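Please look over the sequence and the model before turning to the points below.

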Amino acid sequence: MSTRAFWSLVIALVFLQPLAVDGQSVKPADRGPWEISAFMGGFDDDFEFDPDGSEFFVDPEGNPLFGGGLNYHLPANFFVGLEGRYVPVDMRPAAGGFADLNSYFFSGLLGYTIPLHERFDIYGVGGATVAYWSPTDYDAETDFGYSFGGGAKLFLTESLALIGDYRMFQIPTAMEDVSQDVAGIIANEKFWGYSITGGFSYFFGTKDSDGDGVKDGDDLCPRTPAGVEVDAQGCPVDSDGDGVPDFMDRCPNTPAGAEVGSEGCPFDSDSDGVFDGLDRCPGTPAGAEVDANGCPMDSDGDGVFDGLDRCPGTPRGTEVDSVGCPLPEPEPEPEPEVFTFQGGVNFEFDSAVLTAEGQAALREIGDVLAAREGITVTVEGHTDSMGDDAYNMGLSRRRAEAVRDFLVENYASLTTGQFTVRGLGETNPVADNDTEAGRAQNRRVELIVG
């Protein structure tokens, strides 16, 4: 694979990363962080390594490769590892023929895993490499370079996976001493090699992805922030039981049952000093004194809460105003003013027609009423007990109507709507009907002014 093809693969893997869940591995929680692997495959160089055209190396196409590695998987899908590979390659010494060159590649690696499925991962990896060249019957040599590549893992079980891997190795200056010793030339060339391998990986150990001391398989709260105190189940401690973990709680020691916000501070909607959730009387008016349950107190029982009561200690049963002070005594209702118009003197006998004397007397009353604004007048007619009840009832009403009509006709300031007329007959005597003097008093028209 060319360098261009390799980087194309890396870019493709980066764009596949969103398939991971929240940037976290979708591996089973109890998969261990340690990974040991064994693999084999083929090894070739990018072009034949033949310094100075000496054909020092035969093209190692099809040479076998054997190797193994140990990785440790960190949070956020990174991993570090050590890896060793062995490749037997043929070389051509100066004396002719072929000799064995045992090649060893030891690498320290940093990698990144992209989980695409619970049982399928892809990864990219790179790091420093030490190449150890050990030719048969010649002196060995150690060179330094780097390697990079990528691969995929298919999990057969939660811990065992098939792996496929492609790796590039670059040694900037390779085998100077070996080439001089074997072929009598000084090589100063860059070595490119690549391998395609397959094998197995096995995961073991206890994994604690969020580093809270509770292994993933038992952790009910994965991804706990670093340094947060957790309980036996891996969940952040909530000392006051308000539903907000201690590391986020700005109001620790909140009383049990109080309603709190996202930062763990209790609400007091009515500002009475008793938290919501514990307040049995929510919506208390501002300023009212409350008891331990948040309910307003009313020490004098007047219906106005303490703290709002401007007249505390009001005697029980006293009517008070909105601020708890006793209501003033109501002013007595004014006595209605009554004008009595004697019917027996001022009407013609057994009639509702006013006499001259009656008109004169009624004018005196009319002068008083006309001088007042907005008054109402009830005109009641009464008779003595002589005669038929029904007749007396009608006569009393006719005389009351006659009084009203006279006043309305003679005083422009008085209207019919100000008068109410009632005939009461002999039902409401004011004196004894058994005497003439008493009967005279009962024959009357009363004007009650309101």
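Leaving aside its neighbours within four places in sequence, with which residues is N442 in contact? N442 is in contact with H382, T383, D384, P429, V430, A431, D432 and N433, where contact means heavy atoms within 4.5 Å. The model is a predicted one, in which local features need pLDDT of at least 70 and side-chain atom pairs count only at pLDDT 80 or more, while totals for chains, interfaces and linings use all residues. Residues are numbered from 1 along each chain as its sequence is written, and side-chain values use heavy atoms, with hydrogens and water left out.

- N442 belongs to helix α6, residues 436-442; helices (H or I, at least four residues) and strands (E, at least two) are DSSP runs numbered from the N terminus.
- N442 counts as buried because its relative accessibility is 0%; buried means under 20% relative accessible area, exposed over 50% and partly exposed in between, with a 1.4 Å probe and protein chains only.
- A polar contact of 2.7 Å links the side chains of N442 and N433. Such a contact is a pair of N or O atoms within 3.5 Å; within protein, one must be able to donate a hydrogen and the other to accept it, and residues adjacent in sequence count only if both atoms are side-chain atoms.

**The closed barrel**

- Eight strands form a closed barrel in the order β1-β2-β3-β4-β5-β6-β7-β8, with antiparallel pairing; two strands pair if DSSP finds at least two bridges between them.
- Axes are lines fitted to C-alpha atoms, for helices over the stretch in contact, and angles run from 0 to 180 degrees between N-to-C directions.
- Strands β7 (residues 160-174) and β8 (residues 189-204) run antiparallel and are joined by 13 bridges.
- Opposite Y166 stands I196 in β8.

**The open sheet and its helices**

- An open sheet of four strands has the order β9-β12-β10-β11 and mixed pairing.
- Its edge strands, β9 and β11, each pair on one side only.
- V377 stands opposite V449 in β12, and H382 has R444 in β12 as its bridge partner.
- Five of the six residues of β12 are buried.
- Helix α5 lies across β9, β10, β11 and β12, and runs at about 155° to β11.

**Nonpolar cores**

- The largest nonpolar core has 22 residues, of which F341, L369, V379, V403, L407 and L447 touch the most other members. A nonpolar core is a set of buried Ala, Val, Leu, Ile, Met, Phe, Trp, Tyr and Cys residues joined through side-chain atoms within 4.5 Å.
- At least two residues of this core come from each of β9 (337-342), α4 (356-370), β10 (377-382), α5 (389-410), β11 (419-425) and β12 (444-449).
- The largest share, five residues, is supplied by α5.
- Not counting residues up to four places away in sequence, F341 touches N346, F347, L354, G358, A361, L362, I365, V403, R444, V445 and L447.
- Apart from this core lies another, of 19 residues, including F43, V87, W133 and V178.
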